[in-house]
Amino acid sequence: MKIELKNIKTLKAMSEETQCFTATVYIDGSKAGTVRNSGHGGCNEYHPTSLGQRLDDYAKTLPADVVFGMTIQPDADSVIGKVYQREAVKRELTSLMARKIVFIRDGEMRSIKCDSTVQRDTWLASPQLPGLVKGGAILNLMPLDDAAALAETCGL
């Protein structure tokens, strides 16, 4: 099952214990409903409510997570939380890559600031760039989903 969030609206000022957000949920490319969280530490709200049950049923098919030595079975909220986090990383990474060359070397995310998009694009096309980043993985040259997955491993 492919779960996507679109039309994400995050209200950082309203976020206390959890992210305050609303989003449209798509499952396998079709709109399934909406999700929202008020940001006060409670569970997500799903509309229609059957969407939450559908996501819970899917979560039961996933392997349990081990967090701080405890085994936790995924649920609808944890599934949506992971998708939301990946989307947040993709947004931040897209913003960084618009003005920098972003790469990962030795397990750390690094960047080279560019004066303009023309300069960035020229450097990205340069055959000398891999030498300049000393063999690091250049995120600007990867599909966004792959680059986001790598960036997440570095704490973005």
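In this predicted model, Lys90 is buried, at 15% relative accessibility. Its salt-bridge partner is Asp145, with 2.8 Å from N to O. The pair joins distant parts of the chain, 55 residues apart: Lys90 sits in helix 2 (residues 76-99) and Asp145 in helix 5 (residues 144-153). Asp145 is partly exposed, at 46% relative accessibility. Glu87 belongs to the salt-bridge network with Lys90 and Asp145.

Side chains of opposite charge can pair when their charged atoms come close. The count of salt bridges comes to eight. Among them is Arg120 with Asp121, where the closest N and O atoms are 2.7 Å apart. Arg120 is buried at 14% relative accessibility, whereas Asp121 is partly exposed at 40%. Arg36 and Glu45 form another salt bridge, with closest N and O atoms 3.2 Å apart. Arg36 is partly exposed, at 39% relative accessibility. Glu45 is also partly exposed, with a relative accessible area of 42%.

Leu51 lies in helix 1 (residues 49-59). Leu51 counts as buried because its relative accessibility is 2%, under the 20% limit. Beyond residues up to four places away in sequence, Leu51 touches Val25, Ile27, Ala32, Gly33, Thr34 and Tyr46. Gly41 is 10 residues from Leu51 along the chain, and their C-alpha atoms are separated by 20 Å.

Phe68 lies in the loop between strand 5 (65-67) and strand 6 (70-72). Phe68 is exposed, with a relative accessible area of 84%. Together with Val67, Met70 and Ile72, Phe68 forms a nonpolar surface patch of about 450 Å² accessible area.

Technical notes
Residues are numbered from 1 along each chain as its sequence is written. This is a predicted model: local features need pLDDT of at least 70, side-chain atom pairs count only at pLDDT 80 or more; totals for chains, interfaces and linings use all residues. Side-chain values use heavy atoms; hydrogens and water are left out. Patches are made of residues with over 30% relative accessible area and no salt bridge: like charges are joined within 9 Å, nonpolar side chains (Val, Leu, Ile, Met, Phe, Trp, Tyr) within 5 Å. Accessible areas come from the Shrake-Rupley method with a 1.4 Å probe; for residues, only the protein chains shown count as cover. A salt bridge is a side-chain nitrogen of Lys or Arg within 4 Å of a carboxyl oxygen of Asp or Glu. Helices (H or I, at least four residues) and strands (E, at least two) are DSSP runs, numbered from the N terminus. Buried means under 20% relative accessible area, exposed over 50%, partly exposed in between (1.4 Å probe, protein chains only). Contact means heavy atoms within 4.5 Å.
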